[in-house]
Amino acid sequence: PQTLKERLAELIPKEIENVKAIKAEHGKKAFGQVTVDQVYGGMRGLPALLWDGSVLDAEEGIRFRGKTIPECQALLPKAPGGSEPLPEGLFWLLLTGEVPTEAQAKSLSEDWAARATLPEFVEEIIDRCPPTLHPMSQFSMAVTALNHDSAFAKAYQEGISKKEYWGPTFEDSMDLIAKLPNIAGRIYRNVFGSGKLPAIDKTKDYSYNLANLLGFGDKEAFVELLRLYITIHSDHEGGNVSAHTGKLVGSALSDPFLAFGASLNGLAGPLHGLANQEVLLWLMKMKSQVGENPSDEKVKEYIWSTLNSGQVVPGYGHAVLRKTDPRYTAQREFAQKHLPDDPMFKLVGKIYNIAPDVLLEAGKAKNPWPNVDAHSGVLLTYYGLTQMQFYTVLFGVSRAFGVAAQLIWDRALGAPLERPKSYSSEAIKKMFANK
Ligand code: NMX
Ligand code: MLT
């Protein structure tokens, strides 16, 4: 079958023309006003970035190249006997806007398996980390160190023409995604002491290999969970901290390893990806205080005590979404199918019935509904992946798909260095004096 790189080589010239036409027709038009509040307020709602893989609607949630999560579940290729989409297919969709054939998805599984080996010195870096170093810090170090063999960095030093940037960016991005299971598996086994890493099985898909490296290759339902997990965590348009960081750093022509290493450092923050770890800690604390099957009243009290002590309810709220995150719903449906009687799943369901009203009554959060992180940890825990400090690493493996896809397009379209304008408070006051 036609390879992903061959298909991209056909699509890129057309997209360059498309962007030229958009700029010629609309280039001087305004999206609207920028307010001082937005400058102080984390740029919320500021239209500022191009991102092709996905667009987020506040009410409906994410669409990958125009397709909702249920549509992706229906349309993307599956593993033999599986019912969740293969992340291989999702990556093809993010990059090309097209649903691949099964053979094309399989060619990506094979390509990634062939590229999966880590340089020995990167293995040593991971092995030398103290187990007390957070898995996300280990993860970002290892990804950054892969820049040692970057095709882009080498080609740039050799004087590659701007028009050719996307080729080595594509190669680096494929290497990056391919090597993440070995990095994640090595960190997991080192930190949690669960034995030697198996070899990559070149006949199997990406999610199977990741599961197997973590020690869960024999649990088919866990492998299915990972397929769904990677798919739904892959991309969430361009403004979230990890995606935007990757794009920003990539705009300096830092290679995909440097750019995605930076993304991971953002994902490691508790208001972003680390929230999946925080949710589990919060649930465990709740369980220890009110028991496994608490009354609604007890749950409500516990949520209030979190808010009253000046903390956020992890897994709830969102900077853009104003309804339940469809990624939460997809995981809830998976749980209803595979673990309907699990006590922790039931507790998460109970919180879903109670927390939004409490957050509304507290009156601060613009969105009282759950996000992706409210559910993911409970599913992993059910299958035995109980070490919550590791959860954000799995988010990071997934997010590489979305960030890499946009890095390739940014270099293909000749995206310039990002450099927005900043102001001091003094300058803002002066600007609006007497206005
Ligand atoms: N619990 C308590 N307070 C909240 C929550 C929450 N879940 N969500 C928002 N607020 C507060 C927020 O802290 C802010 O307070 P203050 O005015 O004192 O600064 C106020 O409500 C207004 O914030 P919003 O405009 O609703 O939210 P914002 O866009 O600034 O932030 C989040 C979005 C996601 C950072 C915020 O909702 C939050 O902290 N949620 C909990 C952490 C979380 O689940 N993060 C994961 C997001 C998804 N991901 O993976 O990245
Ligand atoms: C994400 O997946 O990146 C989070 O939901 C955060 C966001 O979109 O801002």
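Analyst: The largest share of the nonpolar patch, 3 residues, comes from helix α2 (residues 36–40). Helices here are DSSP runs of H or I with at least four residues, numbered from the N terminus. This is a predicted model, in which local features need pLDDT of at least 70, side-chain atom pairs count only at pLDDT 80 or more, and totals for chains, interfaces and linings use all residues. Residues are numbered from 1 along each chain as its sequence is written, and side-chain values use heavy atoms, without hydrogens and water.

User: Which residues make the nonpolar surface patch?
Analyst: Val34, Val36, Val39, Tyr40, Tyr423, Met431 and Phe432 make a patch of about 660 Å². Patch residues have over 30% relative accessible area (Shrake-Rupley, 1.4 Å probe) and no salt bridge, with nonpolar side chains (Val, Leu, Ile, Met, Phe, Trp, Tyr) joined within 5 Å.

User: Where is Phe432 found?
Analyst: Phe432 lies in the segment after α20 (425–431).

User: Switching topic, how many salt bridges does the structure hold?
Analyst: There are 23 salt bridges, each a side-chain nitrogen of Lys or Arg within 4 Å of a carboxyl oxygen of Asp or Glu. One of them joins Glu10 and Arg7 at 2.4 Å, N to O. These two are separated by about one helical turn, because Glu10 and Arg7 are 3 residues apart in helix α1 (residues 4–26).

User: And at what angle do α14 and α18 pack?
Analyst: Helix α14 (residues 275–290) and helix α18 (residues 373–382) pack at about 70 degrees, their axes 8 Å apart. Axes are lines fitted to C-alpha atoms over the stretch in contact, and angles run from 0 to 180 degrees between N-to-C directions. The two helices α14 and α18 are therefore roughly perpendicular (65 to 115 degrees).

User: Which residues of α14 make the contact?
Analyst: Ala275, Asn276, Val279, Leu280 and Leu283 do so (heavy atoms within 4.5 Å).

Technical notes
Chains are lettered from A and ligands numbered from 1 in the order in which they are written. Patches are made of residues with over 30% relative accessible area and no salt bridge: like charges are joined within 9 Å, nonpolar side chains (Val, Leu, Ile, Met, Phe, Trp, Tyr) within 5 Å. Angles under 35 degrees count as roughly parallel, over 145 as roughly antiparallel, 65 to 115 as roughly perpendicular and the rest as oblique.
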